[in-house]
Amino acid sequence: MAKDLVKTLADLKEKEALKIVEDRLSAGEDPLKILDDAKRALEIVGKRFSDCEYFIPDLVYAGEILKAITERVKPKIAKGAEVKRIGKVVIGTVAGDIHDIGKDIVVFMLDVNGFEVFDLGIDVPAQKFVDKIKETNSKVVGLSGFLTLAFDSMKETVEAIKKAGLRDKVKIMIGGGQIDDQVKGFAGADAYGKDAMAAVTLAKGWIGG
Amino acid sequence: MEKKWEEMSADEKQEAQFQKLLSPKDPGGNDLKFQSPEAKANYQAAITRLKVAIQLKKTPDRVPVTIFPSMFPFTYAGMNLQEAMYDYDRCVAGFKKFVLDFKPDIHFGAAGPGPGKFYEILNYKLYAWPGHGVAPTSSYQCLEGEYMKAEEYDLLITDPSFYFRNFYLPRVFGALEPWSMLPPLTGILEMYGVAFSFIPFGLPPVQGAYKALLEAGAEALKWAMAVGGVDGELATLGFPNVLGGFTKAPFDTIGDTLRGTKGIMVDMYRRPDKLLEALEAITPIMINLGLGAAQQTGKPFIFMPLHKGADGFLSDEQFKTFYWPTLKKVILGLIEGGCIPFPAAEGGYNTRLKFLKDLPKGKTLWMFDQTDIVKAKGIVGNTLCIFGNVPSAMLNLSTPQEVKDYCKKLIDTVAKGGGFIMANGAFFDEAKPENVKAMVDFTKEYGMHK
């Protein structure tokens, strides 16, 4: 029996983890089971990040290893087999701001924690958030921004959501370099999250799961 | 008998640099003519206050106060950022208005927006700027990527200048793409074959690149005249710019614009030895970047924006292994050369303070943002001068009274015994002017040391 994928991946041992995946695939194992283990490993990674045992590079590297695993496993997954999702999140960097590193890490952590994430990218106009919320019926919205100009963009986005009659239907979280609780109050959001795991905790709290 | 520069100790060099700042010259090399005795007194007092705060030997007459914004001076003066980047006269006029309206003890110059047309001439691809990828009202923002490939470490380590000229610069400046055809200069050795090395300069694309370069140089010079001119004028009015230049932590040099954030983070796992070797290879280059700028401008403060060493961005172990050793070498190298390193610890630096304690006393100025600077005072207050940290959110969203309360707390705690300069904590493009004013005026009024 090969070594434990969950532990190996959670410990960020790239070569060993990929070897286990290849061995299990050639042994004819259900690829969904492998992805499930990978997901459990990433949950441990997220927990270690929350406990300040892991830091941003560890999240980024875990993401890279997961990408390599998924590339090997995906072609073997039967069509129609799908991973169950616990909820939907619309996320983007607000208008005028094109910073995406922090937002991408949040997207990744939400994704591995079971959310279906609709990433609108950068410099996203308020209306685009509104349209996507309507289209997907998402219950959680994440607004990211790094610059001081993002304060106003966040406020305008929240107002657009309100104007569209959707404010009661969604919870809005914000985050980024110069964002704090004061900006949350100013923008009219529901919560400020310090990092990617805070986003996961907030989304889980709102959606359940 | 005056000592030669090379024979001076780091202490003596720093002292000489401050003396130079205290007796400013005009561009002709004569003593600067101040516009009034009061302007002269303000200028001298500002430099002296700064010197005392940094050296940590005494308490300054009052808490120094300054503003180190990003694009705020220009939005404040009523222009959008595209105008600030393309209309140099308006840019510097706006900056002058900013300094004269808020009256910080010292300022850091109008170079922030940079010359928009210059970036166009060279087709700069590393950034989006107003009208080029972002709205005219947005500030310029970096387009991160792996401009250096993972397998190129050996090229960088062996010959950084060649790597920059032939690989990195052709990727980030569209107009310099033909530079990838240039030969190494170190192949130019003797009569036989010497002409081979010059053949590429005859090729039309290379000649086109040099044409663009000449045009870009002329544009940069035009801009520098405007930016330098307002510095000179503000000095005669009693407001010195002390900024001599900039350099970076080697880890940020590679992580920000060469390998990118994701690239360098993964390199710590996949090719740690190459990364460490490259960090060492560029360390002397980063030292010389600062020393050269200080020599050229005659000003000793070398700004170092620190990015990827912030709390959470690296573990303690990673910081200790990859970030700190070469950053420390750069800081010590600058001090040795008579400069005053001025790192800006963007984000939080709470977990890094214990490392900063190793630095020599009274030689550096540290801008802190989200670091708990009351705590920092206890840990590094005897080592370095603390600069900061009125938050961007507060400058944007609070009332002047709240800003004053915050400043009062800093003056009562962090400013005790000196070694503190009141300022914003992070670079900001927007703020309520009355909040910025409250920070400066309140510090001048309440910050008199007994």
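Two residues are taken to be in contact if their C-beta atoms, placed from the backbone, lie within 7 Å. The model examined here is predicted, so local features need pLDDT of at least 70 and side-chain atom pairs count only at pLDDT 80 or more, while totals for chains, interfaces and linings use all residues. Residues are numbered from 1 along each chain as its sequence is written, and chains are lettered from A and ligands numbered from 1 in the order in which they are written.

We may turn to the contact between the chains. On this definition, 28 residues of chain B meet 22 residues of chain A. On the side of chain B that touches chain A, two or more residues come from each of α11 (260-270) and α16 (392-397) of chain B; helices are DSSP runs of H or I with at least four residues, numbered from the N terminus. The most is given by α11(B), with six residues. By class, this side of chain B holds 14 nonpolar, ten polar and four charged residues, where Ala, Val, Leu, Ile, Met, Phe, Trp, Tyr, Cys and Pro count as nonpolar, Asp, Glu, Lys and Arg as charged, and the others, Gly among them, as polar.

Within chain A, domain 1 spans 5-76 and domain 2 spans 87-207, with bounds from an automatic or database domain assignment. Their centres, taken over C-alpha atoms, are 27 Å apart. Ten residues of domain 1 of chain A are in contact with eight of domain 2 of chain A. To the domain 1 side of this contact, α3 (31-50) and α4 (56-73) of chain A each contribute at least two residues, and α3(A) has the largest share, six residues. That side comprises five nonpolar, three polar and two charged residues.
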